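Hi,

Here is the structure I promised to pass on. Have a look, and my notes follow below.

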Amino acid sequence: MAGTGSAKLDMGGRPPRLLIVDDEPGILDLLRRRLEALGCEVAVLPGGSGVVGHAREHAPDLVLLDVMMPDVDGFTVCQQLKADAQTRDIPVVLMTARTEVASRVRGLELGAHDYVGKPFETAELIARVRAALRVKHLQDQLKQANARLERLATSDPLTDLPNRRTFDDQIFLEMERARRSGQVVSVIMLDLDRFKHINDVHGHQVGDDVLRQVGRLLAQRRRVTDLVARYGGEEFVWVLPGAKAQDAVELAEWVRRAIAEMAVETPQGRVRCTISAGVATYDPAEHGPVGATTVLETADMALRDAKATGRNRVVFREIGLEPGEPAAAEDAALDRPW
């Protein structure tokens with residue numbers, strides 16, 4: 001956006017979106033034509049009453065706002081914009097014939113980015129618009145960079161699922177929520193069978209492709225309230241608030257079948273894989289104040305039982321069983337190979 005007053009304005013490769021608010025039709029027309037000639041997408045409003053709604057819907061990059069208007073004055077509109085979470089970061093340039101210092105100070109204290117006096121020189125106004133858009137563009141870039149950093153800190157870069165750190169933070173909150181509400185919560189531990197063999201025979205790139213496909217499958221099936229994460233290596237975990245044991249086992253079985261039917265294309269042909277799954281269900285009324293670690297360890301023991309008894313199967317284990325005890329099976333069905 002650097003250059004002369006006639007250089008096109010832009011927001012990193014796209015046209016800037018501007019909203020001009022003034023009760024004088026001549027000013028609206030003049031500014032609209034001048035700014036459109038500089039590459040902007042321009043919307044105009046003849047008063048202040050609809051500004052916040054328009055800004056929420058269209059997210060302009062800049063608002064040029066007259067101070068003296070008959071319906072709602074520019075100071076009030078600026079205050080409304082800055083009080084709204086959706087619009088507070090939109091820069092506002094106030095336009096007014098009031099030149100006293102107190103008026104300018106008030107506008108800046110309300111959050112306005114800049115001030116320009118009427119009658120204004122078009123070249124000066126364009127320069128102020130250019131400066132405000134430059135700041136907005138830098139702020140947008142900073143937000144995007146911060147969002148990327150937050151994503152890297154909380155997500156697994158390979159599968160885009162929450163990582164172990166995020167899971168560990170959220171599982172304790174989920175367990176506390178279950179204890180307060182009395183609602184059951186189930187946990188499924190999933191582990192790819194013989195994943196080292198896939199890496200050794202087909203290479204780590206194919207192994208990564210398998211993990212990505214599994215991650216996509218889990219992400220597509222999860223509910224809004226569920227927590228699905230990559231737990232580490234080839235292991236995933238799924239937390240199901242409100243899901244009873246049978247519901248969790250049925251879902252785990254669906255995942256098992258879906259992954260068994262999945263294939264990854266390689267130069268040597270299709271690669272298929274299977275998973276083993278362990279399921280545990282926490283019922284506050286039955287189990288009392290059990291910690292998240294106990295529930296996870298129970299699901300993990302069930303997973304080890306599934307591995308030890310043939311793989312490619314789902315095993316349910318009751319909370320409280322000793323490690324050496326066999327996993328209990330409801331009607332002798334939950335513990336069988338599927």
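What should the 13 residues of helix α1 (residues 25–37) span at 1.5 Å a residue, and how far apart are its end C-alpha atoms? The expected span, 1.5 Å times one less than the number of residues, is 18 Å, and the end C-alpha atoms are 18 Å apart, so the two agree.

Before going on: this is a predicted model, with local features needing pLDDT of at least 70 and side-chain atom pairs pLDDT 80 or more, while totals for chains, interfaces and linings use all residues. Numbering starts from 1 along each chain as its sequence is written, and side-chain values use heavy atoms, leaving out hydrogens and water.

Back to α1. Its buried residues (under 20% relative accessible area, 1.4 Å probe, protein chains only) are Ile27, Leu28, Leu31 and Leu35. Down the helix axis they fall within an arc of 100°, so they line one face of α1. That buried set packs against β1 (17–21), β2 (41–45), β3 (62–66), β4 (92–96) and α5 (122–154), contact being heavy atoms within 4.5 Å. On the face turned away sit Pro25 and Gly26, both exposed (over 50%). After α1 comes Gly39, with a positive phi near 95°.

The other thing I looked at is a helix pair. The axes of α6 (residues 164–181) and α11 (residues 292–308) come within 9 Å and cross at roughly 110°, which makes α6 roughly perpendicular to α11 (65 to 115 degrees). Phe167, Ile171, Phe172 and Met175 of α6 meet Ala292, Thr293, Val295 and Leu296 of α11.

Cheers

Note on methods. Axes fitted to C-alpha atoms, helices over the stretch in contact; angles between N-to-C directions. Helix = DSSP H or I, 4+ residues; strand = E, 2+ residues; numbered from the N terminus. Parallel < 35°, antiparallel > 145°, perpendicular 65-115°, else oblique. Arc of directions from axis to C-beta.
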